[in-house]
Amino acid sequence: MNSSIAGWLLCLTALCLWGSIGTLAKASAVQWSLFFKAYSVGVGASAMVLAVAAAPEVRAIGGHRGAAFYGILGGLCGCGGSMCFLSSIEMVGVTLSYPVVMGIEMTLGTFLLYLLDRDALNVGPLLGALCCVLGAVALDALAQLRLADNEPRGAPPEEDGLLGAPALKRGRSLGKVEFLPEGDDDELDYVFDSDGDDACVPIERLVDALSPTRTKNQWDDKPQGARRGVRRAVAAGVLLSFWPAGEALAVDAGATVPAFMVVLGLSHLLFCLVLLPVRAAYLRRSGSKQPPSVGICSAAWGYGFVAGAAWFCGAVLVFIAGEDIGVTVAVSVARCSPTVAALWGLFYWGEAEHASPRALAYIGAMLCLYGAAIVLIARSSAA
């Protein structure tokens, strides 16, 4: 097997970093666009640090225009895919959007990487791993639905979040409440609390101001919003499938991993700074209802920044590990990061506190399938 202990350690570290991003997103408790802005700044800042550390390699990519193009394309796919994913979560919830995105990303992304590295892989174990992951995604969705049915309502927020901000009440499902909703013609209208100097409003305060009946009726009256949310989830899955393949193409074109990641990270930040204002202008021109202009508190900036840095560092580690164990193997293992997200949900957010035995059984089976997938991915290396 073409692997090394160091490569696997890097890959598993990346899995832990990527699996922690969802917890940071939940803890931020802000509109998804504000979180994504801070997230992209974290990605860009990490790319700048790497650019200084690997300056000769970054300068050398100028002689490989094809490699630079793949880095820019990867940044566009990563930025656009993340925007669509977060927007889809806000519109239809993570329980529906996550399986769609994850299923497409794993299926299409693994297929693309296999096409670029087919001589170094055994297709049988790889297909078995893909089936395990898809089964785990389905069990994750079922578990989230069960957790949503069993969680308590109207619980007050706890204090002392990860970075010192008010945290959401533990015992709430990761799949239920993610971001403060934003204005869109197919999204819900909400009241924004602007009391005080801190415009970062915890979700629990917002939920308390809403009538559950009114919220349900709004969803019932707007099926088009659900359809649009699913379409955004599909777009996110397709876009997020492509950026790892860009690294393999860039390396073939003469770039190094640090050089590719610097171009990708800076491109990600640039596209974020362009696409978010364009989206806001489109909403204004279309007459969609929007929330008042709000700032983002320092703690929420911290959550988003750390999440972006975690994603970037994880991607660098994945591709460095790929030099030892193969890019397809490394990326596929890191994409099993929902195992870590599930552990965050169980042990930090206390999702098991009010979970039914069936929900716990779904979660246990999901973790087992992800574990089996990692073993099969490791066995798919032909060397």
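Student: What share of the protein's contacts with a separation of 6 or more comes from residues 24 or more positions apart?
Tutor: Good place to begin! This is a predicted model, in which local features need pLDDT of at least 70, side-chain atom pairs count only at pLDDT 80 or more, and totals for chains, interfaces and linings use all residues. Residues are numbered from 1 along each chain as its sequence is written, and side-chain values use heavy atoms, with hydrogens and water left out. A contact means heavy atoms within 4.5 Å, and among those with a separation of 6 or more, the share from residues 24 or more positions apart is 88%.

Student: How many helices and strands does the protein have?
Tutor: Both are DSSP runs numbered from the N terminus: helices are H or I with at least four residues, strands are E with at least two. On that basis the count is 15 helices and 0 strands.

Student: Which residues of α13 are buried?
Tutor: Buried means under 20% relative accessible area, with exposed over 50% and partly exposed in between (1.4 Å probe, protein chains only). Helix α13 is mostly covered, with 8 of its 8 residues buried. They are Val 327, Thr 328, Val 329, Ala 330, Val 331, Ser 332, Val 333 and Ala 334.

Student: Which residues of α13 does α1 meet?
Tutor: Axes are lines fitted to C-alpha atoms, for helices over the stretch in contact, and angles run from 0 to 180 degrees between N-to-C directions. The axes of α1 (residues 5-19) and α13 come within 8 Å and cross at roughly 35°. From α1, the partners are Trp 8, Cys 11, Leu 12, Leu 15 and Trp 18; in α13 they meet Val 329, Ala 330, Val 333 and Ala 334.

Student: Why does Ser 337 count as buried?
Tutor: Ser 337 is found in the loop between α13 (327-334) and α14 (338-347). Leaving aside residues up to four places away in sequence, Ser 337 touches Leu 15, Trp 18 and Gly 19. Ser 337 counts as buried because its relative accessibility is 13%.

Student: How is α3 oriented to α11, roughly parallel or roughly antiparallel?
Tutor: Helix α3 (residues 32-53) and helix α11 (residues 257-285) pack with their axes 8 Å apart, at an angle of about 150°. Angles under 35 degrees count as roughly parallel, over 145 as roughly antiparallel, 65 to 115 as roughly perpendicular and the rest as oblique. Therefore α3 is, relative to α11, roughly antiparallel.
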